[in-house]
Amino acid sequence: MALVAWYQIFRHLQQGPRANDLAQMVVSVVNLTRTALINAEPRRRRELLIDLAALEGIRIYPAEREDEIEPLPDTRPIALLTSAIRRSLGEQTRFASSWEGLEGFWVSFRLDPQDRDEYWVMLPADRVVRPRAVDWLGWGALALAFSLLAAYLIVSRINQPLRGIAEAARAVGRGETPPPLSEKGASDIADVARAFNHMAGDLARLDADRRLILAGVSHDLRTPLARLRLGVEMSPASDEDREAMATDIEEMDRIIGQFVDFGRDGQSESGADLELSAFLAEIHADYIRRGLPLSLHADGEFMIKARPLALRRAMNNLIDNAYRYAGISQGVELRLRRSESRAIIEVLDRGPGIPPEEVERLKRPFTRLETARTDARGSGLGLAIVDRIARGHGGELRLLQRDGGGLQAVIDLPLKCVSIEKTS
């Protein structure tokens, strides 16, 4: 709309000079016609009128009192043009848009101001109101503006559902079930949205069935394990044998729990606002009560959107792994800091560490490292569970070599708001 307004202002400023140019052209035609008629003998003027009428686009006729004429439209450009012509031809000059049914730009004139005979000269309207380059430029710019507006509306109509599909696809990648997409709009986009809704629904049902099966298996296996544990306690075997069998039963129970955790991965839990420093302080207090050396250092208070139980499960897995491979005597460090718009949680130990080329492989389920950091008792799901929970929170798990030896397990999560820094 701004482009149209500027174009109208430009045309308004150009109307005065343009009216003078057109008036000069009309006056020149009238003066040439007047000169030709004045120099001709009175009896030959009618023949001359016929000859002049044969000129391309120009008509000259004697004016009669009963002539049927139509006035020109009352517009500002026409008023400027007629005013400029009257200044040259006289105030008695008349104008018409039609004479005896012939349309054009009609101008009356007399051979002499005192002469009674009056004539009409007609010029085609396209010669008088001839479009100029600036007019074509203005109309072209206006057409371009409307074309761009139409293109923007079309692209917006297409891009909006595509953005919704992309966001829903990212939610599925995080293990979430997105709300159904709108199946309205362009036919191709509606077909894609419909197919995506079917796919998301199938995945949600498969995930629900998987959790149900894992829950059933966990229940069915833990019942005989409880009987085995009771039987071991009542067996006449030596204390050393009973302790070994009890350890195996506890390991089996822990592996079953990891299977359930991997299948559940916290997606059924609703998200909530979570302040990380207080959250880690609770975890730190739990390990201290159990007599395990764990240090905590937090650089500030950080608010995130998280599923607390799932995130606690991930932190427990990392800390327990650190104790398992580094030993209790070495201790484990827990740190919290900020990096731009991310909260960084670090679990550091002094164990054998993980080679950089093995990091991505160890994030896959049922994978163990066949080196000094291996644990034959494990199921190979601990890091896979942490990685899945981190990605489900929009974050990432990184396993790095620690300076001086050991492992630096890092979980970075997106912050919900600006942190409150603590002064040391």
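Let's start where two helices meet. On the α9 side, the residues are A310, L311, R313, A314, N317, L318 and N321. On the α11 side, they are G382, L383, I385, V386 and I389. Keep in mind that this is a predicted model.

Where are these helices in the chain? Helix α9 covers residues 308-326, and helix α11 covers residues 382-392. They pack at an angle of about 145 degrees. Their axes are 9 Å apart. The crossing of α9 past α11 is left-handed.

Now the sheet. Five strands build an open sheet. In what order do they come? Read across: β1-β5-β4-β3-β2. The pairing is antiparallel. Strands of a sheet pair through backbone hydrogen bonds. At the edges sit β1, residues 59-62, and β2, residues 69-70. Each of these edge strands pairs on one side only.

Look inside the sheet at β3 and β4. Strand β3 is residues 95-99, and strand β4 is residues 102-110. They run antiparallel, joined by 4 bridges.

Which helix is it? Helix α3, residues 76-89, lies across β3 and β4. Helix α3 runs at about 30 degrees to β4.

Last stop, the surface. Which residues form a nonpolar patch there? F146, L149, Y152 and L153. Together they have about 460 Å² of accessible area.

Conventions: Residues are numbered from 1 along each chain as its sequence is written. This is a predicted model: local features need pLDDT of at least 70, side-chain atom pairs count only at pLDDT 80 or more; totals for chains, interfaces and linings use all residues. Side-chain values use heavy atoms; hydrogens and water are left out. Two strands pair if DSSP finds at least two bridges between them. Contact means heavy atoms within 4.5 Å. Axes are lines fitted to C-alpha atoms, for helices over the stretch in contact, and angles run from 0 to 180 degrees between N-to-C directions. Patches are made of residues with over 30% relative accessible area and no salt bridge: like charges are joined within 9 Å, nonpolar side chains (Val, Leu, Ile, Met, Phe, Trp, Tyr) within 5 Å. Accessible areas come from the Shrake-Rupley method with a 1.4 Å probe; for residues, only the protein chains shown count as cover. A salt bridge is a side-chain nitrogen of Lys or Arg within 4 Å of a carboxyl oxygen of Asp or Glu. A crossing is left-handed if the near helix is turned anticlockwise from the far one by less than a right angle, and right-handed if clockwise.
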